Amino acid sequence: MSGESDLRKLLSGMRPELNEGEYVFCTVPGPEVPAGTTPVATVLEPEGLTLVLRREDADAAGLPYDYTAGWITLRVHSALDAVGLTAAFASELGAHGLSCNVIAGYHHDHLFVAAERAAEAVALLEGLAARSLPH
């Protein structure tokens with residue numbers, strides 16, 4: 001099942017959804033996920049394995065972190081080769097002083113924004129979606 005690639009349809013159909021909880025980015029030296037943790041995403045880099053996981057899982061495992069995020073899922077099924085979606089929502093959030101860390105899954109894009117501003121980010125994305133509806 002291929003995803004949507006039309007930018008207007010992607011933007012108007014984003015349906016941003018804030019997942020429960022707070023999430024953190026941690027790193028461990030090897031390629032193994034630490035026992036007792038269930039990351040929502042991992043990225044293997046030369047410097048180590050990055051884990052994105054619930055804050056309480058990181059705390060329980062004694063993993064250090066310095067950024068606590070809210071996790072927003074864009075419910076539109078975007079094609080992996082779609083052009084412009086990331087730039088559009090990053091520009092919208094950036095214009096309001098919000099950084100955004102993006103992970104693309106097969107079906108959806110996942111945005112990690114400062115936890116204390118996650119609800120604001122959802123509202124901004126909903127506004128962008130509304131402005132992108134066909135006239």
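Histidine 108 is in contact (heavy atoms within 4.5 Å) with Thr73, Leu74, Arg75, Val76, His77 and Ile103, leaving aside its neighbours within four places in sequence. The structure is a predicted model, in which local features need pLDDT of at least 70 and side-chain atom pairs count only at pLDDT 80 or more, while totals for chains, interfaces and linings use all residues. Residues are numbered from 1 along each chain as its sequence is written, and side-chain values use heavy atoms, with hydrogens and water left out.

**Histidine 108**

- Histidine 108 sits in the loop between strand 6 (101-104) and strand 7; helices (H or I, at least four residues) and strands (E, at least two) are DSSP runs, numbered from the N terminus.
- With 16% relative accessibility, histidine 108 counts as buried; buried means under 20% relative accessible area, exposed over 50%, and partly exposed in between (1.4 Å probe, protein chains only).
- A polar atom of the histidine 108 side chain lies 3.0 Å from the backbone oxygen of leucine 74.
- The backbone oxygen of valine 76 is 3.1 Å from a polar atom of the side chain of histidine 108.

- Leaving aside neighbours within four places in sequence, leucine 93 is in contact with Leu98, Cys100, Leu111, Val113, Ala121, Leu124 and Leu125.

**Helix 3**

- The residues Leu85, Ala88, Phe89, Glu92 and Leu93 of helix 3 are buried.
- Seen down the helix axis, these buried residues fall within an arc of 125° (taken from the directions from the helix axis to the C-beta atoms), so they line one face of the helix.
- The buried residues of helix 3 pack against helix 1, strand 5, strand 6, strand 7 and helix 4.

**Cysteines**

- The structure holds zero disulfides, a disulfide being a pair of cysteine sulfur atoms within 2.5 Å.
- The sulfur of cysteine 26 is 19 Å from the closest cysteine sulfur, in cysteine 100, which is too far for a bond.
- Cysteine 26 counts as buried at 3% relative accessibility, whereas cysteine 100 is partly exposed, with a relative accessible area of 21%.

How values were computed. Polar contact = N/O pair within 3.5 Å; in protein donor to acceptor, adjacent residues only side chain to side chain.
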